[in-house]
Amino acid sequence: MQNKAELSLSDQPKVRCFGSNAALTIEATPLLVKGVPHGHTVNLDVAPRQGENVIWARKITVQLSDTELPIMAAVCLGYLPKAHFKRSGKGIFIERQPNKLFVSATQGSGSAFALPIPIGQTFQVSSLVLSQLQKQTEYSDSNLLIAALRGAAGLYKPNSS
């Protein structure tokens with residue numbers, strides 16, 4: 001029997017969302033700090049679509065840090081209206097809009113992909129993010145996790161840049 005710690009990255013839980021022009025995969029993954037696993041998080045992969053095909057070779061990937069994961073959870077749960085996860089030369093923006101989350105990703109000039117995430121898939125994304133957050137914090141009480149998340153979200157002020 002395979003131990004959960006021995007799961008390969010391809011076996012990690014994930015949610016895939018498809019828009020008409022782009023696709024998103026949110027995947028549970030170890031949090032890497034200087035290349036060494038150090039907790040739990042998610043990777044966000046956004047890639048363009050051409051017809052029915054997703055061009056994963058052009059994907060924009062951002063791994064959320066231990067401080068970004070609760071921000072993502074707060075957006076999913078409606079405690080925050082939006083978040084921008086920036087990296088050198090790229091970023092992923094997530095915003096709550098009526099009946100959906102809206103995700104856009106940019107990298108350099110000419111690489112910009114966006115898609116809506118409908119309510120049903122937003123639920124799946126929220127569940128995965130909360131599951132990883134619960135592993136990261138080691139909170140066994142989900143009510144405590146939600147209360148801590150709500151309190152932290154009240155402090156959040158996005159950068160104006």
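Where helices α2 and α3 meet in this predicted model, the residues L130, L133, Q134 and T137 of α2 are in contact with S142, L145, I146 and L149 of α3. The residues of this contact divide into five nonpolar and three polar, with no charged residue among them. Helix α2 covers residues 119–137, and where α2 packs with α3 the angle is about 95°, with the axes 11 Å apart. Angles of 65 to 115 degrees count as roughly perpendicular, and α2 and α3 are therefore described as roughly perpendicular to each other.

How confident is the prediction along the protein chain? The average pLDDT of the protein chain is 89, and 91% of the residues score at least 70. Among the elements, helix α3 (residues 142–155) has the lowest mean pLDDT, at 90, whereas strand β7 (residues 90–97) has the highest, at 97. Over residues 1–6, however, the pLDDT is below 50, and beyond near neighbours in sequence this stretch has one contact in the model. Where pLDDT is low, the predicted coordinates should not be read in detail.

The buried residues are E68, L69, I71, M72, A73, A74, V75 and C76. After α1 comes G78, whose phi is positive, near 90°.

Positive phi values also occur at K34 and at N99, neither of which is a glycine. K34 is found in the loop between β2 and β3, while N99 has its place in the loop between β7 and β8. The table sets out phi and relative accessible area for these two residues.

| Residue | Phi | Relative accessible area |
|---|---|---|
| K34 | near 55° | 84%, exposed |
| N99 | about 70° | 60%, exposed |

Is N43 buried or exposed? Buried means under 20% relative accessible area, and N43, with a relative accessible area of 18%, is therefore buried. The side chain of N43 makes a polar contact with the side chain of Q63, at 3.1 Å. Leaving aside neighbours within four places in sequence, N43 is in contact with T25, I26, E27 and T29, and also with T61, V62 and Q63.

Note on methods:
Residues numbered from 1 in each chain as written. Predicted model: local features only at pLDDT ≥ 70, side-chain atom pairs only at ≥ 80, totals over all residues. Heavy atoms only, no water. pLDDT = per-residue confidence, 0-100. Helix = DSSP H or I, 4+ residues; strand = E, 2+ residues; numbered from the N terminus. Contact = heavy atoms within 4.5 Å. Buried < 20%, exposed > 50% of the residue type's maximum accessible area, 1.4 Å probe, protein only. Polar contact = N/O pair within 3.5 Å; in protein donor to acceptor, adjacent residues only side chain to side chain. Axes fitted to C-alpha atoms, helices over the stretch in contact; angles between N-to-C directions. Parallel < 35°, antiparallel > 145°, perpendicular 65-115°, else oblique. Nonpolar A, V, L, I, M, F, W, Y, C, P; charged D, E, K, R; others polar.
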